[in-house]
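Please open the structure in your viewer and keep the sequence beside it.

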Amino acid sequence: MKVLLFLTCLVLAISAAPGPRNDLTCTICIDFVTDFDTWLTSDKTEADIVTFVEELCHAVGQIITGFEATCNFIVESQLPGIIDDLVNNNLDPLEVCTNGALMGSCP
């Protein structure tokens with residue numbers, strides 16, 4: 001669970017930061033989406049997931065000034081698409097990171 005928390009925060013921060021994408025951001029994204037996909041299949045509702053990730057945004061926002069608002073924006077705009085892609089479209093993590101809701105994380 002701690003790994004999922006760390007990866008969630010890291011991917012959200014990477015997604016919010018401008019700059020070139022590379023093998024590291026791609027690897028982090030794929031690892032995050034893989035772990036997230038596994039967690040999704042453990043009987044969570046979309047509302048449960050969004051609430052959990054928003055709590056993570058708040059926690060990280062206590063450490064990084066201004067991060068909570070950016071994180072919440074990303075959660076509200078991207079998380080439902082990620083969930084939909086993984087659950088309903090059976091997309092693999094590379095597809096999500098390349099062309100899906102987190103497109104641009106992989107070169």
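What should the 21 residues of H4 span at 1.5 Å a residue, and how far apart are its end C-alpha atoms? The span should be 30 Å, and the end C-alpha atoms of H4 are 28 Å apart, which agrees; the expected span of a helix is 1.5 Å times one less than its number of residues.

This is a predicted model, in which local features need pLDDT of at least 70, side-chain atom pairs count only at pLDDT 80 or more, and totals for chains, interfaces and linings use all residues. Residues are numbered from 1 along each chain as its sequence is written, and side-chain values use heavy atoms, with hydrogens and water left out.

**The whole chain**

Display the protein chain as a cartoon: there are 5 helices and 0 strands. Helices (H or I, at least four residues) and strands (E, at least two) are DSSP runs, numbered from the N terminus. Of the 107 residues, 39% are buried, where buried means under 20% relative accessible area, with a 1.4 Å probe and protein chains only.

**Helix H4**

Select residues 67-87, which form helix H4. At Gln 78 there is a kink of about 40 degrees, shortly before the proline Pro 80; the bend at a residue is the angle between axes fitted to the seven residues ending there and the seven starting there. The buried residues of H4 include Phe 67, Cys 71 and Ile 74.

Next, select Asn 72, also in helix H4. Its relative accessibility is 17%, and Asn 72 therefore counts as buried. Apart from neighbours within four places in sequence, Asn 72 is in contact (heavy atoms within 4.5 Å) with Glu 54 and Cys 57.

**Helix H3**

Select residues 46-61 to show helix H3, whose 16 residues reach 22 Å from first C-alpha to last. Cys 57 is among the buried residues of H3.

**H2 against H4**

Axes are lines fitted to C-alpha atoms, for helices over the stretch in contact, and angles run from 0 to 180 degrees between N-to-C directions. H2 and H4 are therefore roughly perpendicular (65 to 115 degrees) to each other. The contact is made by Val 33, Phe 36, Asp 37 and Leu 40 of H2 with Leu 79, Ile 82, Ile 83, Leu 86 and Val 87 of H4.

Finally, select Phe 36 in helix H2. At 1% relative accessibility, Phe 36 counts as buried. Phe 36 and Ile 82 lie 46 residues apart in sequence and 9.5 Å apart in space, C-alpha to C-alpha.

How values were computed
Parallel < 35°, antiparallel > 145°, perpendicular 65-115°, else oblique. Buried < 20%, exposed > 50% of the residue type's maximum accessible area, 1.4 Å probe, protein only.
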